[in-house]
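Subject: Handing over the structure, with notes

Dear colleague,

I am passing the structure on to you here, and my notes on it follow below. Please have it open while you read.

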Amino acid sequence: MKLWAGRFAKETDSLVNDFHSSISFDQRLYREDIAGSIAHAAMLRRIGVLSPEEESLIHSGLEQIQADATAGRVAWTEDAEDIHMNIEKLLTDRIGDAGKKLHTGRSRNDQVALDLRLYLRREIDIIAALLTELTESMLSLAQRHVLTWMPGYTHLQKAQPVSFGHHLTAYTQMFSRDLDRLADARRRLNVSPLGSGALAGTPYGLDRAGVAAELGFTGTTLNSMDGVSDRDFAVEFLAAAALLMMHLSRLCEEIILWSTNEFGFITLDDAYATGSSIMPQKKNPDVAELVRGKTGRVYGNLIGLLTVLKGLPLAYNKDMQEDKESVFDTVDTLQKCLMVMRPMLETMTVNEAVMSQGARQGFTNATDLADYLVEKGIPFRSAHEIIGKLVLFCAQEGRALENLTLDELRQASPVFDDEVYGQISVEACVRKRNLLGGPNPEQVDRSIALTRVFLKEISGRFAAAKMVEDNP
């Protein structure tokens, strides 16, 4: 018999049982559900609802259920619908009537909201640690390639020369923002909804603040209806995850391009590539392609949950059961992608000579040649036109700007002199851009150092929050 069956005159149809049940996926919340129940039972003892003996029985019974579940010795049942009722039924079966008192002063509505917050808090910590490791790895790779020249692109057309180190630190900036967003999302979700009941609280005089503190929360929700119906924290996590996946996807797109024969900038390690079932020569960047592809499912999870929530009246509705699979899938997807990205990048070979040759092609020094004329007193728009005509001439002749003779340059403008050749080498073009955030090697080193300071600071924020939670 279901724990809520008193009002019903007949059994639930088996099709409804199957359709209604969430235990197939929400069983992964058993640790969080048990932690919440232990804290709730301790509070019920403090306010006199449970005797010390009853609370001790409940506590030890829940700990044993957790040990059994962790060891795979628990058979979750669809008849008990979800993780909350499965655990309550198991507890009552094991310890008797004391187990029936555990649900005093709470509802599954505030229970599930609590469990999901606890779950996301833990998983965000794991994701942040994986992302920090990836970012640190990319900083080390960038440090090794501060002097590895490569073409920078706009519109996927060669634009100006940069270094591979500078290119990589663009992604470390993206990942730094992702870490900051995850930390903010974690801070906002870290309030306890327990005590909200079904939607209107309870008359038992619950010590909400005490339970919140015991579970490591920094506060409690301030409206019982919002406490059970709010899933902003889940949406915010999914949004941060979608942005992070977008950044990973952009990096993977470049890895895929760079590993082609046409680019040849990198060679992926055999352990992080796959072959073809029919073409023996193939070495496919499938890891990068899968990360790029999995970005779509994370986007879908975000849009899916937003769509579920957009028309719901207050307070709790069964639609909200659809929140968990979106969150679980995103957590799993994100963690797997982060775990595979770092070794893929660490083991790839950077073909420095090919990159450098690419930086010397495509007139990447044209802007610097125009800047040279500006320094000689020619207005920029006029300089732009002069160099544009020289580029057209070189393109027609199959030559590079630096290969033009001084006489040829002077035919375009008489201000050219011998100094020009030292101004338009790839290295000179990069080194001249010596401003904060620029590709000059000293500035790239500075960016790397500042990002490492940020990583230390953000890691400290996560560690400090966890220390408070572990020692309430």
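In these notes, a residue is called buried when its relative accessible area is under 20%, exposed when that area is over 50%, and partly exposed in between, with a 1.4 Å probe and protein chains only. This is a predicted model, in which local features need pLDDT of at least 70 and side-chain atom pairs count only at pLDDT 80 or more, while totals for chains, interfaces and linings use all residues. Residues are numbered from 1 along each chain as its sequence is written, and side-chain values use heavy atoms, with hydrogens and water left out.

Helices (H or I, at least four residues) and strands (E, at least two) are DSSP runs that are numbered from the N terminus. Leucine 156 sits in the loop between S1 and S2, and because its relative accessibility is 52%, leucine 156 counts as exposed. Its phi is near 60°, which is a positive value in a residue other than glycine. Histidine 155 is found in the loop between S1 and strand S2 (157–163), has a phi near 55°, again positive in a residue other than glycine, and counts as exposed at 77% relative accessibility. As background, most residues other than glycine have a negative phi, and most peptide bonds are trans.

Tyrosine 153 belongs to strand S1 (residues 149–154) and, at 24% relative accessibility, counts as partly exposed. Contact here means heavy atoms within 4.5 Å; leaving aside neighbours within four places in sequence, tyrosine 153 is in contact with Lys158, Ala159, Phe263 and Phe265. Between tyrosine 153 and leucine 120 there are 33 residues of separation in sequence and 38 Å in space, C-alpha to C-alpha.

The nonpolar cores

A nonpolar core is a set of buried Ala, Val, Leu, Ile, Met, Phe, Trp, Tyr and Cys residues joined through side-chain atoms within 4.5 Å. The largest one has 100 residues, and those with the most contacts inside it are Leu120, Leu134, Phe175, Phe237, Leu248, Leu338 and Met341. Helix H10 (residues 232–258) gives the most to this core, with 16 residues. A second, separate core has 18 residues, including Ala366, Ile378, Cys394 and Leu404. Which residues does phenylalanine 175 contact, leaving aside its neighbours within four places in sequence? They are Leu131, Leu134, Thr135, Met138, Leu244, His247, Leu248 and Leu251.

How the helices pack

Axes are lines fitted to C-alpha atoms, for helices over the stretch in contact, and angles run from 0 to 180 degrees between N-to-C directions. Angles under 35 degrees count as roughly parallel, over 145 as roughly antiparallel, 65 to 115 as roughly perpendicular and the rest as oblique. The axes of helix H7 (residues 164–189) and H10 come within 9 Å and cross at roughly 165°, which makes H7 roughly antiparallel to H10.

Helix H4 (residues 52–70) packs against H5 at an angle of about 120°, with the axes 10 Å apart, and H4 and H5 are therefore oblique to each other. On the H4 side, Leu57, Ile58, Gly61, Leu62, Gln64, Ile65 and Asp68 meet Ile87, Leu90, Leu91, Arg94 and Ile95 of H5. The axes of helix H3 (residues 30–46) and helix H5 (residues 83–95) come within 10 Å and cross at roughly 60°, so H3 and H5 are likewise oblique to each other. Here Tyr30, Asp33 and Ile34 in H3 meet Ile83, His84 and Ile87 in H5.

Other residues to look at

Leucine 114 lies in helix H6 (residues 108–144) and counts as buried, at 1% relative accessibility. Not counting residues up to four places away in sequence, leucine 114 touches Gly36, Ser192, Pro193, Leu194, Leu215 and Phe217. The C-alpha atoms of leucine 114 and alanine 35 are separated by 10.0 Å, although the two are 79 residues apart along the chain.

Serine 326, in helix H12 (residues 323–347), is buried with a relative accessible area of 11%. Finally, a cis peptide bond, with omega about 10°, joins leucine 314 and alanine 315, and alanine 315 has its place in the loop between helix H11 (286–309) and H12.

With best wishes
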